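Welcome to this guided tour. Please open the model in your viewer and keep the selection tool at hand.

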Amino acid sequence: MLSREVKALRKRIIGFWDMPPGSVTPALAVLAAAFAAGALAGLLLAAQVGGEGQESLSAYLQVYLEAARTGNATPPEPAAALWEAARWPLLTLLLSFTALGAVGIPAIFAVRGFLLSFAVASFVRIFGGAGAILAFFAFGFTGTISLPVLFLLGVQGLLSALARAGQAMGGGKGPTAPPGRAFWLRSGLCAAGLVLSALLECWAVPALLASVAELF
């Protein structure tokens, strides 16, 4: 009886991750390369920023840290935090249903890598090594949820978009098969993860930043 239940559970797990065999690794490699290229560009640009731009960012961060030290930092609104967490994954999901996603999804990963790298590098440049701690609590804490979500949606979305692009280039006339149940289960799991990330952004991250504000 137990063995039968274990087999059923195993079948459900395998079905949850069901994707075309041999396609996940190449798709993941493409998205990782796009993310890394964007991150490198953000790192190089952050190294070039100076003058008034760096002074303005430094002044803004100092004001926020002072507010965090005194307990007066205003946490983000839940709706704003949810939008911040969901905008890139949502765009990735939407592009999954069009052939344009074959190019658009890697572009999203390049932009996401650029923005994250630029922000982290700017923190380190302004505050030195301690800036890495600030960057982790500001971006990395929620990023441990939002980035895996983005990559999961990106892989399944890129495979879906490539299938549609292949059909369009091959002159296929029939309608493209809609995403299966596993696609929507994975998307639902990602949505739950993004809600959790937004909640952490609202309630955990401000407290964590306040706890390290004295270092700066």
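Predicted model: local features only at pLDDT ≥ 70, side-chain atom pairs only at ≥ 80, totals over all residues.

How many helices and how many strands does the protein chain have? Colour the chain by secondary structure and count: there are eight helices and zero strands. Of the 216 residues in the protein chain, buried residues make up 36%.

**Stop 1**

Select helix H5, residues 101-127. How far apart are the end C-alpha atoms of H5? They are 38 Å apart. At 1.5 Å a residue, the 27 residues of H5 should span 39 Å, so the two values agree. Now step just past the end of H5 to Gly128, which takes a positive phi of about 75 degrees.

Ala161 sits in helix H6, which covers residues 130-169. Is Ala161 buried or exposed? Its relative accessible area is 0%, so Ala161 is buried.

**Stop 2: aromatic rings**

Next, show the side chains of the aromatic residues. The structure holds eight aromatic pairs. One of them joins Phe97 and Trp184: this pair is stacked, with 5.8 Å from centre to centre and 20 degrees between the planes. The planes count as stacked because their angle is under 30 degrees. Which parts of the chain does the pair tie together? Phe97 lies in the loop between helix H4 (78-95) and helix H5, while Trp184 lies in helix H7 (residues 181-203), so the pair links parts that are 87 residues apart in sequence.

For another aromatic group, select Phe35, Phe109 and Phe151, which form one aromatic cluster.

**Stop 3**

Side chains of opposite charge can pair when their charged atoms come close. How many salt bridges are counted here? The count comes to one salt bridge. To find it, select Glu84 and Arg87, whose side chains meet at 3.1 Å, N to O. Glu84 and Arg87 are three residues apart in helix H4, so about one helical turn separates them. Each of the two is partly exposed, with 45% relative accessibility for Glu84 and 31% for Arg87.

**Stop 4: a nonpolar patch**

Stay with helix H4 and select Leu82, which has its place there. At 36% relative accessibility, Leu82 counts as partly exposed. Which helix gives the most to the nonpolar patch? The answer is H7, with three residues.

Finally, select Cys190 and Cys202. Are these cysteines buried or exposed? Cys190 is buried at 3% relative accessibility, and Cys202 is buried at 4%. How many disulfides are counted in the structure? The count comes to zero disulfides.

Note on methods
Residues numbered from 1 in each chain as written. Heavy atoms only, no water. Phe/Tyr/Trp six-rings, centres within 6.5 Å; stacked < 30°, edge-to-face > 60°. Helix = DSSP H or I, 4+ residues; strand = E, 2+ residues; numbered from the N terminus. Buried < 20%, exposed > 50% of the residue type's maximum accessible area, 1.4 Å probe, protein only. Expected span 1.5 Å × (residues − 1). Disulfide = S-S within 2.5 Å. Salt bridge = Lys/Arg side-chain N within 4 Å of Asp/Glu carboxyl O.
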